[in-house]
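Subject: Model handover

Hello,

Here is the structure we talked about. Please look it over, then read the notes below.

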Amino acid sequence: MSEPQVKGWCPGAWRPMATGDGWLVRVRPPLGELTRIQALALCEAAERFGSGLLELTRRANIQLRGVTEASWPPLMAFLIEHQLVSDSSEAERQPQLMLAPAWQAGDATHTIARQLQARGAELAEMPAKVGIAIDAGAAPVLRDSPADFRIERSADGGLLVRLEGHTLGTAVTDAEAAVALLIRLTHWFMQSGGAAVGRIAKHHAPLPAWAVANTPPAPPGAKLAIGKHEGGVVAGLPFGRVSAQTLRALVASKAVSALRVTPWRRLLIKQPGAAAMPALGEVIVQNDDPRLVMDACPGAPFCQQASVATHSLAERLKEVDAASVHISGCAKGCARRQPAAICLTGRNGRFDVIIDGRADSAPVATGLSESDVFIYLESLGALHL
Ligand code: SF4
């Protein structure tokens with residue numbers, strides 16, 4: 001087996017990322033779907049080779065935490081055996097496809113994805129973070145999820161290809177034309193200096209004459225609501241995280257056919273006719289639960305770098321009135337790189353409070369207990385008790 005390429009950014013399974021709680025190994029489910037057997041295998045992998053925690057990412061991947069240098073080789077052999085990872089590290093170099101999670105076999109999103117998979121070798125070799133969203137349902141639902149190239153429904157019901165940062169897209173006649181144009185645009189991106197900027201949104205070269213962007217996309221649709229769904233049930237995961245034990249319970253019924261991952265901390269459990277979601281304490285059942293948007297790293301006892309537990313405080317901070325909240329077990333800030341309106345960072349078993357900053361920014365208050373944190377936030381008017 002090849003040596004792992006441990007990176008500090010954009011990890012994959014072949015390129016694990018070193019974090020405070022060990023290596024993070026990211027799995028890209030093909031078409032955003034795992035069979036029930038694969039989901040169970042992933043649970044086993046998380047428990048045997050990692051810390052037992054799984055996370056959904058903003059790009060609808062699943063990552064295993066707490067993998068070590070020693071456990072990575074057998075983990076990879078296990079993932080390859082269960083067709084969760086390709087046996088070629090080259091496959092991971094292709095840009096990731098993110099599909100609107102409620103796609104159905106034979107619909108436009110599925111058809112385009114299959115065609116793009118078949119022609120994947122024709123895509124230009126692009127920077128590692130570049131992604132493709134295939135969002136061709138009646139209304140785009142991935143607008144807020146990170147991607148560089150998007151295939152969407154146009155306002156008049158047709159299809160278009162749109163680049164991130166552009167409000168308009170280029171109309172195409174059908175799925176085949178959408179795939180062909182997207183492939184051509186990836187080469188244009190690289191030939192016009194894309195490697196230096198890395199992402200389409202930062203790439204300000206004028207669009208080529210053969211890709212005039214003059215077609216408005218359809219208005220955005222809503223993300224999958226938690227609860228009953230025509231194809232099964234949608235379960236919310238606090239902070240996007242789930243234990244292998246709970247995930248196993250979610251797919252325990254043999255009536256579950258598959259699991260769809262989403263970029264919204266939700267899983268679509270494919271089980272047509274399912275009456276209700278299994279009652280599991282760890283699963284979110286309300287669409288307005290703040291743990292669907294609040295950021296918190298695993299913290300203690302999951303991460304050796306953490307001197308504080310993060311989840312218990314986050315659970316108690318449901319009433320915080322702030323645009324964004326980040327609770328970090330230490331100053332490394334694994335759960336959120338960008339600033340948050342309120343950030344609570346663990347240090348020596350207590351919390352520092354940071355306003356409009358990252359986990360390693362200068363604090364406005366230091367050394368607070370959990371109770372002190374509540375008193376402090378209340379004094380700021382940020383807590384509605
Ligand atoms: S931020 Fe959290 S997960 Fe990351 S190293 Fe610190 S305690 Fe561990």
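A residue counts as buried when its relative accessible area is under 20%, and as exposed when that area is over 50%; partly exposed lies in between. Please keep in mind that this is a predicted model.

**Salt bridges**

Glu152 has a relative accessibility of 0%, so Glu152 is buried. Its salt-bridge partner is Arg143, with the closest N and O atoms 3.3 Å apart. Arg143 has a relative accessible area of 24%, so Arg143 is partly exposed.

The next pair is Asp289 and Arg291. Their closest N and O atoms are 2.7 Å apart, and they form a salt bridge. Arg291 has a relative accessible area of 9%, so Arg291 is buried. Asp289 comes to 11%, so Asp289 is buried too.

A further salt bridge links Arg336 with Asp295, at 2.9 Å from N to O. Over the whole structure, the search finds 20 salt bridges. Side chains of opposite charge can pair when their charged atoms come close.

**Domains**

The protein chain is assigned domain 1 (17–83 + 225–270), domain 2 (103–211) and domain 3 (294–379). Taken over C-alpha atoms, the centres of domain 2 and domain 3 are 37 Å apart.

**Cavities and the ligand**

The structure has 7 cavities of 30 Å³ or more. Which of the cavities is the space taken by the ligand? The ligand takes the space of the second largest cavity. That cavity holds about 80 Å³ of space.

Where does the second largest cavity lie? Domain 1 (17–83 + 225–270) and domain 3 (294–379) both give residues to its lining, so the cavity lies between them.

The lining of the second largest cavity has 15 residues. Cys297, Cys303, Gln305, Cys330 and Cys334 lie nearest the centre of the cavity. By class, the lining divides into 6 nonpolar, 6 polar and 3 charged residues.

Now the shell around the ligand. Cys297, Pro298, Cys303, Gln305 and Ala306 are among the residues that surround the ligand. Ser328, Gly329, Cys330, Lys332, Gly333 and Cys334 also belong to this shell. Gly20 is there as well. The shell has 6 nonpolar, 5 polar and 1 charged residues.

When you open the file, start with the ligand in the second largest cavity. Then turn to the Glu152 and Arg143 salt bridge.

Best wishes

Notes. Residues are numbered from 1 along each chain as its sequence is written. This is a predicted model: local features need pLDDT of at least 70, side-chain atom pairs count only at pLDDT 80 or more; totals for chains, interfaces and linings use all residues. Side-chain values use heavy atoms; hydrogens and water are left out. A residue is near a molecule or strand if one of its heavy atoms lies within 4 Å of it. On a 1 Å grid over the protein atoms alone, a cavity is a set of points where a 1.4 Å probe fits but cannot get out, and a pocket is an open set with protein on both sides within 12 Å along at least five of seven lines; lining residues have an atom within 4 Å of a point. A molecule sits in a cavity or pocket if more than half of its atoms lie within 2 Å of its grid points. Ala, Val, Leu, Ile, Met, Phe, Trp, Tyr, Cys and Pro count as nonpolar, Asp, Glu, Lys and Arg as charged, and the others, Gly among them, as polar. Grid points are joined across faces, edges and corners, and a volume is the space filled by probe spheres set on the points. Domain bounds come from an automatic or database domain assignment. A salt bridge is a side-chain nitrogen of Lys or Arg within 4 Å of a carboxyl oxygen of Asp or Glu. Buried means under 20% relative accessible area, exposed over 50%, partly exposed in between (1.4 Å probe, protein chains only).
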